Amino acid sequence: MTKVEIEKLGDDYEVCYCMGTTLGEIIEAIKSGATTMEALKDRTEAGTLCGLCESCDIDEDEDREVHLDEIIAAYAQGS
Ligand code: FES
C-alpha cells in the first residue's frame with residue numbers, strides 16, 4: 001500500500017482493534033522515530049495483544065484495510 005492509499009483511510013481509522021490505536025497515532029509514532037515493529041509496539045501499544053494487526057500474513061480478517069508492517073514500510077522508508 002502506498003502512503004497516499006494509507007492516508008485516504010484517515011487519521012481516525014482504527015488499525016489495532018485490541019488497543020484502539022488509530023492510524024494517526026501510528027503515523028505520528030513512526031515520524032517521531034518508532035520505525036521498527038518493536039519500537040512502534042512500545043510507543044503505541046498497537047499489536048501487543050492478539051497481534052493480528054501486525055501483518056496481513058497472519059491476519060485473516062479481511063475487513064482491516066491496513067496493517068502495521070505496511071504502514072512502517074510506507075512511512076519509515078525513504079521519507
Ligand atoms: S488488533 Fe492489534 S493487537 Fe489485536
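Thr-21 counts as buried because its relative accessibility is 2%, where buried means under 20% relative accessible area with a 1.4 Å probe and protein chains only. The model is predicted, so that local features need pLDDT of at least 70 and side-chain atom pairs count only at pLDDT 80 or more, while totals for chains, interfaces and linings use all residues. Residues are numbered from 1 along each chain as its sequence is written, and side-chain values use heavy atoms, with hydrogens and water left out.

Thr-21 lies in strand S2; strands (E, at least two residues) and helices (H or I, at least four) are DSSP runs numbered from the N terminus. Leaving aside residues up to four places away in sequence, Thr-21 touches Tyr-13, Glu-14, Val-15, Cys-16, Ile-26, Thr-44, Glu-45 and Ala-46, contact being heavy atoms within 4.5 Å.

| Helix | Residues | Buried residues |
|---|---|---|
| H2 | 23-31 | Leu-23, Gly-24, Ile-26, Ile-27, Ala-29, Ile-30 |
| H4 | 68-76 | Leu-68, Glu-70, Ile-71, Ile-72, Ala-74, Tyr-75 |

The cover over the buried residues of H2 includes H1, S1, strand S2 (21-22), H3 and H4. Those of H4 pack against helix H1 (3-7), strand S1 (14-16), H2 and helix H3 (37-44). After H2 comes Gly-33, with a positive phi near 115 degrees.

Helix H2 also holds Glu-28.

Conventions:
Buried means under 20% relative accessible area, exposed over 50%, partly exposed in between (1.4 Å probe, protein chains only).
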